[in-house]
Amino acid sequence: MAKDDITGKHAVSGNNVSFSMRHTKRTFKPNLQKKTLMVNGKKVRLTVASSTIRTLRKKGLLVNDSDLKPEASKTK
């Protein structure tokens, strides 16, 4: 089962409920993305949910994806 490496979010089960109120099983999956983040000064590839990425940006812990790439720091 895939899960978020930071928050631990994973797929949960529930029901689809039709207009006739018939219940069928389904799963709710988080939107997982593979991202390279700086952890203790090292680049680490993590599987994180898109909601986690938004929270990291809001808290100022993740600025831009281009900041992680070495060619972005070169000036012309």
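Trainee: How many aromatic pairs does a search of the whole structure find?

Mentor: Zero aromatic pairs turn up in that search. Keep in mind that this is a predicted model.

Trainee: OK, then what sits over the ring of phenylalanine 28?

Mentor: That would be the charged end of arginine 26, 3.9 Å from the centre of the ring.

Trainee: Let's back up a bit. How many helices and strands are there in the protein?

Mentor: You've got one helix and four strands. Going along the sequence, the pattern reads β-β-β-β-α.

Trainee: And what share of the residues is buried?

Mentor: Buried residues are 17% of the 76 in the protein. As for the surface, the protein exposes about 6,400 Å², with carbon and sulfur atoms supplying 53% of that area.

Trainee: Which residues make up the largest nonpolar core?

Mentor: Six residues: Leu37, Leu46, Val48, Ile53, Leu56 and Leu62. Both β4 and α1 (50–59) supply at least two residues each to this core. As a general point, nonpolar side chains tend to be buried together in soluble globular proteins.

Trainee: Take leucine 62, then. What does that one touch, not counting residues up to four places away in sequence?

Mentor: Leucine 62 touches Leu37, Ile53, Leu56 and Arg57. Leu37, Ile53 and Leu56 are members of the core too.

Trainee: Switching to β4. Is threonine 47 buried or exposed?

Mentor: Threonine 47, which is found in strand β4, counts as buried because its relative accessibility is 16%, and the cut-off for buried is under 20%.

Trainee: So what does the side chain of threonine 47 make a polar contact with?

Mentor: With the side chain of lysine 34, at 3.3 Å. If you skip neighbours within four places in sequence, threonine 47 is in contact with Lys3, Asp4, Asp5, Leu32, Gln33 and Lys34.

Trainee: Lys3 is on that list. Where is the place of lysine 3?

Mentor: Lysine 3 is in the segment before β1. At 46% relative accessibility, lysine 3 is partly exposed. Setting aside residues up to four places away in sequence, lysine 3 touches Gly8, Lys9, His10, Leu32 and Thr47.

Trainee: How many residues apart in sequence are lysine 3 and proline 30?

Mentor: They're 27 residues apart in sequence, and 8.0 Å apart in space, C-alpha to C-alpha.

Trainee: Leaving aside neighbours within four places, which residues is histidine 10 in contact with?

Mentor: Met1, Ala2, Lys3, Phe28 and Pro30. There's also a C-alpha separation of 9.2 Å between histidine 10 and alanine 49, which are 39 residues apart along the chain.

Trainee: Is methionine 21 buried or exposed?

Mentor: Methionine 21 is exposed, at 56% relative accessibility.

Trainee: And where does asparagine 40 lie?

Mentor: Asparagine 40 is in the loop between β3 (32–39) and β4 (42–49). Phi of asparagine 40 is near 55 degrees, again a positive value in a residue other than glycine. At 77% relative accessibility, asparagine 40 counts as exposed.

Trainee: One last thing. What share of the contacts with a separation of 6 or more comes from residues 24 or more positions apart?

Mentor: 29% of those contacts in the protein.

How values were computed: Residues numbered from 1 in each chain as written. Predicted model: local features only at pLDDT ≥ 70, side-chain atom pairs only at ≥ 80, totals over all residues. Heavy atoms only, no water. Buried < 20%, exposed > 50% of the residue type's maximum accessible area, 1.4 Å probe, protein only. Core = buried A, V, L, I, M, F, W, Y, C linked by side-chain atoms within 4.5 Å. Contact = heavy atoms within 4.5 Å. Areas by Shrake-Rupley, 256 points an atom, 1.4 Å probe, with all protein chains shown as cover. Phe/Tyr/Trp six-rings, centres within 6.5 Å; stacked < 30°, edge-to-face > 60°. Lys NZ or Arg CZ within 6 Å of the ring centre and 35° of its normal. Polar contact = N/O pair within 3.5 Å; in protein donor to acceptor, adjacent residues only side chain to side chain.
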